[in-house]
Amino acid sequence: MKKIETIIKPFKLEDVKEALTALEITGMTVTEVKGYGRQQGHSELYRGAEYVVDFLPKIKIEIAVKEDMVDSVIEAILKSAKTGKIGDGKIFVYPIEKSLRIRTGETNEEAI
């Protein structure tokens, strides 16, 4: 089992969700986050005063998948989240040692 964590632009959430639903991914955790990478934020002008926006709004999606689904999930995220512009995001893949469904007591792959 693997945990796939991706950081994307907020307006791409629905596109990514639809792509994952097409792969029969039935659950995900979505969090509104702020951060920056190479773009280092940007400057804005507000009422005549310039200020720096260091942290940009992003969306973090976390999903647990079986090993054989990892490549297809990554491909779906890449296709649906890509705009070709700086700040498109990142994908991270982590191993999952154990998972449990609290309600039923199911473990590992049955729990996801």
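Let me begin with a definition: by buried I mean a relative accessible area under 20%, by exposed over 50%, and by partly exposed anything in between, with a 1.4 Å probe and protein chains only. What we have here is a predicted model, in which local features need pLDDT of at least 70 and side-chain atom pairs count only at pLDDT 80 or more, while totals for chains, interfaces and linings use all residues. Residues are numbered from 1 along each chain as its sequence is written, and side-chain values use heavy atoms, with hydrogens and water left out.

With that in place, consider Lys9, which sits in the loop between β1 and α1, helices being DSSP runs of H or I with at least four residues and strands runs of E with at least two, numbered from the N terminus. Lys9 has a relative accessible area of 14%, so it counts as buried. Leaving aside residues up to four places away in sequence, Lys9 is in contact (heavy atoms within 4.5 Å) with Lys58, Thr83, Lys85, Ile86, Gly87 and Asp88.

Now to helix α1, residues 13-22, where Val16, Ala19 and Leu20 are the buried residues. They line one face of the helix, because seen down its axis they fall within an arc of 95°, taken from the directions between the helix axis and the C-beta atoms. On the other side, Glu18 and Ala22 are exposed. The buried residues of α1 pack against β1 (2-8), β5 (56-65) and α2 (70-81); Val16, for its part, touches Ile8, Ile61, Ile77, Ser80 and Ala81, again not counting residues up to four places away in sequence. After α1 comes Glu24, whose phi is positive, near 65°.
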